[in-house]
Amino acid sequence: MNNVTPITSGSGGVLSGRVALVTGAGSGIGRACAIGLAEAGAEVHAVDRDSGTAHAVAALIGGKAHVTDLAAPDATARLPTEVDILVNNAGFQHVAPITDFPAARFEAMQRVMVTAPFLLMQHCLPHMYDRGWGRIVNVSSVHGLRASAAKAGYVAAKHALEGLSKVAAIEGAPHGVTSNCVNPGYVRTPLVERQLDDLAEAGRARDDALANVLLQRTPLKRLVEPEEVAAAVLWLCRPEARSMTGSSLTIDGGWTAN
Ligand code: NAD
């Protein structure tokens, strides 16, 4: 995406004067959120364990990069506390049945997708409470609401994130802080593109693999674009969404309805 015009943050949008922190900002949904928030005027802290992509997105949006592995116990301590908008987005998948699921991998998934969001809330909520305004958006998944085989670590983490988000909503309400989840289905990110490549290598046409393997249960036979998820995240930060809290917003082409 080197052809994107650099954006100057804080340039008078609806989120002008707000400071946002996005985890996993180097790629996919997090990157789209960081760009969208900057376009809306927020100053953005881009957190990622990948130095190259974290710095690239920060340079693109005039934000600040923080290179840190959120699985490490002290990772969140070094991040800024003066944050008005916290987007807990970093995450990863591991596919294996429970009988074969590596325990260390399971624990790492909980650290990145549950403990790090909890620690970041602890870290940033005092500032939000002081200002009487804050937005927490947790990038969950349809797997925060439903289960699938072979995704024990991911489903457990995303269900826990849903519960954490609701507690933050209840505690934050008297302080002007909302907390919500967004719940995407299959999003066009490198991870999903790789799955399509693998299926194509195994002899399936890409269109067929997309419609009949990946999106077999999805009524809308298209991948969600990262920018569509970012648009929902942004809307949750806008004044129009001030009554929305403790909610889970599905963006899944009908997957959970099916
Ligand atoms: P992605 O792999 O494109 O991006 C994830 C980013 O998080 C990467 O830049 C990675 O370096 C970073 N990251 C991962 N572990 C980290 C760690 N320990 N510390 C710091 N950074 C770390 O993935 P994506 O598809 O954009 O996923 C973003 C979020 O959206 C995840 O929470 C994922 O569960 C969720 N989600 C994705 C999909 C999908 O289809 N892609 C669907 C539903 C939910």
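Before I start, one cut-off: two axes that meet at an angle under 35 degrees count as roughly parallel, and over 145 as roughly antiparallel. The model I'm showing is predicted.

I'll take the sheet first. It is open and has seven strands, in the order β3-β2-β1-β4-β5-β6-β7, with parallel pairing. At the edges sit β3, residues 64-67, and β7, residues 248-251, and each of these pairs on one side only. From one strand to the next, the twist averages 15°.

As an example of the pairing, take β1, residues 19-23, and β2, residues 43-48. Five bridges join β1 and β2 in the parallel sense. Among the residues involved, Leu 21 has His 45 in β2 as its bridge partner.

Now the helices. Helix α1, residues 28-39, lies across β1, β2, β4, β5 and β6, and runs at about 170° to β1. Helix α4, residues 152-172, lies across β5, β6 and β7, at about 155° to β6.

That brings me to α4 and its neighbour in the contact I want to show, α3. How do the axes of α3 and α4 cross? Helix α3 covers residues 103-131, and its axis comes within 8 Å of that of α4, crossing at roughly 15°. The angle is under the 35-degree cut-off, so α3 and α4 are roughly parallel to each other. The crossing is right-handed.

On the α3 side, the contact includes Phe 106, Met 109, Met 113 and Phe 118; on the α4 side, it includes Tyr 154, Ala 157, Leu 161 and Leu 164. By type, the residues of this contact are 16 nonpolar, three polar and two charged.

How values were computed:
Residues numbered from 1 in each chain as written. Predicted model: local features only at pLDDT ≥ 70, side-chain atom pairs only at ≥ 80, totals over all residues. Heavy atoms only, no water. Pairing = 2+ DSSP bridges. Helix = DSSP H or I, 4+ residues; strand = E, 2+ residues; numbered from the N terminus. Axes fitted to C-alpha atoms, helices over the stretch in contact; angles between N-to-C directions. Contact = heavy atoms within 4.5 Å. Parallel < 35°, antiparallel > 145°, perpendicular 65-115°, else oblique. Left-handed = near helix turned anticlockwise from the far one by under 90°. Nonpolar A, V, L, I, M, F, W, Y, C, P; charged D, E, K, R; others polar.
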